[in-house]
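Here is a short report on a structure. Have the sequence and the 3D view ready as you read.

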Amino acid sequence: MAVGALVFCVTILLRTQVLASQDLYLHISIGRWILANRAVPDHGIFSASMPDAPWVAHEWLSSVGSALLYDHYGWGGILAAVGLLLALAIGALTLNIVPTLGPLGALFAAVLAWGLCINHLVARPHVASLPLLVIWLAAHVRARQSNAVPPFYLAALMTLWANLHGSFMFGLLFTALFAAEAVFESATAKDAAAAGWRWSAFLGAGIVAAATTPYGLTGLLFPLRMMALAPALDTVHEWQPSTIANNAPLFLWSALLLFLALWQGVRLPLFRLIMVMLLLYMAFAHRRHAELLGLATPLLVQFAIAGLLSRTAPGFTSPWAALDRPAVKRSVVGLALLAAGIFAFAGCRDVVRGPDSYTPAAAVAAVEARGVHGPVLNAQNFGGYLVFRGYRPFIDGRIDLYGNEFIARYMALDQLTALLAQYRVAWTIFEPANPRTAVMDNLPAWSRLYADDTAVVHINNDIEQR
Amino acid sequence: MKAMILAGMIILGLTTAFVSVSFFSQTVMADNGN
C-alpha cells in the first residue's frame, strides 16, 4: 500500500511527461466517436488520406476510458488514472513478492520494476495492461507452485485485457509457456498428460476470453498482424531497439541481475530461464518492452532467489519485527493514503496540458485566424492534436491504419512535392527541425504563415488566391 | 568478508546508478518520430 501510494504520488509529479502524447489526443477523439455512435469503428475514421481503409480500434475500451475521464475530469483525471494504474501494478508486485523474499526483497523488486516502467510512462493504453500483467503472471506462478492451473475465473481478466491493449498476447504466450513447464516438469507420463489437459483447457478458456471483443477473431489476431508492420514500426521511437543512450536503465538492470546471479550462483528451472531470456530479448529488441521484463522477472524468479537466500542469508526474508506490529502497519497505511489523497487533490486539479511537442496549439490558432481551408499535410506527431481539434490529418499515430507502403512514401523526402500535388494540399504543418520544413521554405508556390518552437505552418499561395 | 564488502559496494553502486538514470535523467519514449 505504501509502495503503491509512493508510485502514485511520483506519477502525479511527472505530469508533463505522462500527458505528453499525441496518441492520447487520438484516443480521446476515438472514445468520443464510439460513445456518440454507440459502435466501434471498422474504417479509418478521422483520416483524410485513408478514410475508407479497414481499421479496428483494438484498444477501444482504453479510448472510451480516456474520453470519459477527460470529458468529466480534464487532464487531471487522466493523470490520476495513470498514477493509480501504475501504483496498482507495482503495489500488486510488491504484495506478491513479500511472502517469498521479505519486505527488503520486495522493495528491491519494486524499485527495479518501477525504474524499467518509468521511461515509458505515458498516458496510453499500455499502462492499463500493467496491473493485469502482474495479476495474470502472479496467478500462474502461484498455480505452478501448488502444481495446479490458475482459477478459471482469471480468464475473465483476459477479456478485459484484450479490450484494453494488444499486449494480451503476451499473457497468452506466457500461459502456453507455463503449460509447457507443467508438462516438462511432470514426473511421469501420466502426470504430464494430466497437466497437459488441464493447462490446455485453461489456455483454451484464455483464448476464448481474448476473442470476446467487438472484433472477435480479427481482434485476437491483431497483435500478429502488427508484426507484419515491422518496417513502419521502425520509425516509432518506442519500437526501436534498446541502446545504452536511449534505455540506460535496462543495461544497468541487466548488469545488476547478472552480477547477483553470477556472484551467488542462481539456478532457475529451465522453463523459467527460457521465459526470462525471452523477456530480455524483447526488451533489447524493442525498448518499450523493458517494462514487461521489469514487472515479470521478479515474479518468475522469486522462488529460486528465496531458495538461494535461505542457504546464504537465512535472516534476509524474515519480516522485520518492528514493522510487523498492527499499530505500525495501520499508521503506515494511513500516512500513505493521506499522502496519496493530498497529491490527488492538489496535483490533479485544474491540470493544464502543454505546451509540449505534440500540441501545436498556437500554429492551429493561426491557421484558424487566417481562415485556411482544405487538406493538410502534417507531421505524424501532430496527427493526434489535429484530430482532437476537428481536422482530418493526412497521417497520425495509427501505424496499423496506414501500413508499410503509405508510411514509406510519406517518409521519403523526394515524395513530398508529389504528395502535395496528389492530395491537393492547402497547408502543411511540421516541426521546425523536420527536414520537410526546409523543403517547404524553398518551394515557390508556398509561404510561411506561422512559426514557433513547436510547429511551422506553410500555406499554398495558389489556393489562398482563389 | 572482504569479498562481501566489495560485492555489497558494487550492488549498491549499480542500484544507485539504476535509480539515478531511470528516475532523474529520463529519456522518455516519444510516441512517434520522423
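In which hand of crossing does H1(A) pass H14(A)? The crossing is left-handed (the near helix is turned anticlockwise from the far one by less than a right angle; clockwise would be right-handed).

## About the model

This is a predicted model, in which local features need pLDDT of at least 70 and side-chain atom pairs count only at pLDDT 80 or more, while totals for chains, interfaces and linings use all residues. Residues are numbered from 1 along each chain as its sequence is written, and chains are lettered from A and ligands numbered from 1 in the order in which they are written.

Helices (H or I, at least four residues) and strands (E, at least two) are DSSP runs, numbered from the N terminus.

## Helix H1 and its partners

H1 (residues 2–13) and H14 (residues 326–347) of chain A pack at about 20°, with axes 9 Å apart. Axes are lines fitted to C-alpha atoms, for helices over the stretch in contact, and angles run from 0 to 180 degrees between N-to-C directions. So H1(A) is roughly parallel to H14(A) (angles under 35 degrees; over 145 is roughly antiparallel, 65 to 115 roughly perpendicular, the rest oblique). This contact has twelve nonpolar, one polar and no charged residues. Ala, Val, Leu, Ile, Met, Phe, Trp, Tyr, Cys and Pro count as nonpolar, Asp, Glu, Lys and Arg as charged, and the others, Gly among them, as polar.

H1(A) also packs on H4 (residues 60–117) of chain A, at about 140° and with axes 7 Å apart. That makes H1(A) oblique to H4(A). Their crossing is right-handed. The residues of this contact divide into 14 nonpolar, five polar and no charged.

## The sheet

Four strands of chain A form an open sheet with mixed pairing, in the order E1-E2-E4-E3. Two strands pair if DSSP finds at least two bridges between them. E1 (376–378) and E3 (446–451) of chain A each have a single partner strand, so one side of each lacks a neighbour in the sheet.

E2 (residues 427–430) and E4 (residues 456–460) of chain A pair in the antiparallel sense over four bridges. Here A:Trp427 stands opposite A:Ile459. Helix H15 (residues 361–370) of chain A packs on the sheet and touches E2, E3 and E4 of chain A.

## Chain B

Chain B has one helix and zero strands. In chain B, 20 residues are in contact with 30 residues of chain A (C-beta atoms, placed from the backbone, within 7 Å). That side of chain B has twelve nonpolar, seven polar and one charged residues.

Definitions and conventions. Two residues are in contact if their C-beta atoms, placed from the backbone, lie within 7 Å.
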